[in-house]
Amino acid sequence: MVLNVEVRERTGTGGARDARREGKVPGVLYGGTQAPVAIAVRANEFRKALYTGKLLGHLVTLKHGSETQPVIAKAIQVHPVTDEPIHFDLYRVDAHQQIKISVPVHFTNHEASPGIKRGGTLNIVAHEIELLCPADQIPEELSYDLEGLDIGDAIRVSAFALPAGVVATADQEFVVAIIAGSSAQASEEAGEGEEGSEAAGS
């Protein structure tokens, strides 16, 4: 993905307001050994890039005139009412530089989980996992198959398959999600346990 940017002469709130008035999204380019630079992208181009889902957290080519540079989109602010992008931050990187970045987790095959079939729910503790990886090898997402998981089963960081050269920064035993039962199921199972104890006692 290529982002065509312009350098903004005015910085601060006033400069950002001017850029929006001109139909652009203001942003800042920072990182590396160079000073931060105030930039802007035409709003329609930025929206198009954003809605592909391949802008935030991915390696992007920044283009200014004939110059190009690999960057990572680190943060994007949207308007609380319109959801229109109003500001963004780009971080300078080398294509093979090791960076820390959070990648979303997704769970598949819900219908093959015995725990969910019995009325349990998938409680997601963390929707993202922070990774240390080369800037040009950032995974789109981390996926986990729920087949065979029952109530009480936990999915830990160590359960996710990571590409070669990619490591998770979190504790491998950190629980990302768990198949939880309902309170009614817990009461029912507790009742069954009591009945079993009474039968054994008699």
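Let me start with Arg 21, which is exposed, at a relative accessible area of 60%. This is a predicted model, so every value I quote is computed from it. The side chain of Arg 21 meets that of Asp 18 in a salt bridge, 2.8 Å from N to O. Both residues sit in helix α1, residues 12–21, and they are three residues apart, about one turn of the helix. In general, an α-helix has 3.6 residues a turn, so residues three or four places apart point the same way.

The next pair is Arg 47 and Glu 84, whose side chains form a salt bridge at 3.0 Å, N to O. Here distant parts of the chain are linked: Arg 47 is in helix α2 and Glu 84 is in the loop between β6 and β7, 37 residues apart. Arg 47 counts as partly exposed at 28% relative accessibility, and Glu 84 is partly exposed as well, at 30%.

There is also a network: Glu 6, Glu 22, Lys 24 and Arg 42 are joined by salt bridges that share partners. Within it, Glu 6 bridges to Lys 24, with the closest N and O atoms 2.7 Å apart. Glu 6 lies in strand β2 and Lys 24 in strand β3, so this pair ties together parts 18 residues apart in sequence. Is Lys 24 buried or exposed? Lys 24 counts as buried, at 14% relative accessibility, while Glu 6 is partly exposed at 28%. The total for the model is seven salt bridges.

Back to helix α2, residues 43–51. Its buried residues are Ala 43, Phe 46, Ala 49 and Leu 50. They span an arc of only 130° around the axis, which puts them on the same side of α2. They pack against β1, β3, β4, β6 and β7. The face turned away from that buried side carries the exposed residues Lys 48 and Tyr 51. Just after α2, Gly 53 has a positive phi of about 80°.

Last, the cores. The largest nonpolar core has 26 residues, and Phe 107, Ile 129, Ile 155, Phe 160 and Val 176 have the most contacts inside it. Strands β8, β10, β11 and β14 each supply at least two of its residues, and β8 gives the most, with five. Leaving aside residues up to four places away in sequence, Ile 129 touches several residues, among them Ile 101, Val 103, Leu 142 and Ala 168. A second, separate core has 18 residues, including Val 5, Ile 39, Leu 55 and Phe 88.

Technical notes
Residues are numbered from 1 along each chain as its sequence is written. This is a predicted model: local features need pLDDT of at least 70, side-chain atom pairs count only at pLDDT 80 or more; totals for chains, interfaces and linings use all residues. Side-chain values use heavy atoms; hydrogens and water are left out. Buried means under 20% relative accessible area, exposed over 50%, partly exposed in between (1.4 Å probe, protein chains only). Helices (H or I, at least four residues) and strands (E, at least two) are DSSP runs, numbered from the N terminus. The arc is that of the directions from the helix axis to the C-beta atoms. Contact means heavy atoms within 4.5 Å. A nonpolar core is a set of buried Ala, Val, Leu, Ile, Met, Phe, Trp, Tyr and Cys residues joined through side-chain atoms within 4.5 Å. A salt bridge is a side-chain nitrogen of Lys or Arg within 4 Å of a carboxyl oxygen of Asp or Glu.
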